[in-house]
Amino acid sequence: SAVTYGICGQVKDWLNILIAVPVFGTPLSAMQLFGYGVAVCGVFYYKRLRTQVAKEKADAQREEDEPADPSVEEKASLLASGGASRQMKQRSQV
């Protein structure tokens with residue numbers, strides 16, 4: 001998505017800064033370090049939320065795809081009516 005590409009651009013900028021600081025000896029202020037730290041935390045938080053949303057969507061899709069299990073009441077009524085035993089007898093006779 002567009003947001004992901006934007007984040008990749010930010011990560012590239014951070015890598016450029018991390019490499020340029022020791023190579024060229026550029027000093028970083030405490031404010032700059034704090035800003036980079038906030039930005040990095042934001043990227044990790046975004047990634048965590050995105051992963052969580054994707055997992056929830058997958059779980060919801062899986063629940064929709066699974067066949068419905070008969071309810072307890074349906075099972076009890078089937079057993080009470082003898083439907084299950086009749087089905088078993090019919091299968092054994094075939």
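Which residues make a nonpolar surface patch of about 640 Å²? Before I answer, a word on the source. This is a predicted model, in which local features need pLDDT of at least 70, side-chain atom pairs count only at pLDDT 80 or more, and totals for chains, interfaces and linings use all residues. Residues are numbered from 1 along each chain as its sequence is written, and side-chain values use heavy atoms, with hydrogens and water left out.

The patch is formed by Val-11, Leu-15, Leu-18, Ile-19, Val-23 and Phe-24. Patch residues have over 30% relative accessible area and no salt bridge; nonpolar side chains (Val, Leu, Ile, Met, Phe, Trp, Tyr) are joined within 5 Å, like charges within 9 Å. A salt bridge is a side-chain nitrogen of Lys or Arg within 4 Å of a carboxyl oxygen of Asp or Glu. Areas come from the Shrake-Rupley method with a 1.4 Å probe, and for residues only the protein chains shown count as cover.

Ile-19 belongs to helix 1, residues 2-24. Ile-19 counts as exposed because its relative accessibility is 55%; exposed means over 50%, buried under 20%, and partly exposed in between (1.4 Å probe, protein chains only).

Turning to the whole protein, there are four helices and zero strands, in the order α-α-α-α from the N terminus. These are DSSP runs, numbered from the N terminus: helices are H or I with at least four residues, strands E with at least two. Of the 94 residues, 5% count as buried. The accessible surface is about 8,200 Å², 65% of it belonging to carbon and sulfur atoms.

Finally, the structure contains zero disulfides (pairs of cysteine sulfur atoms within 2.5 Å). Cys-8 is partly exposed at 46% relative accessibility, and Cys-41 is exposed at 52%.
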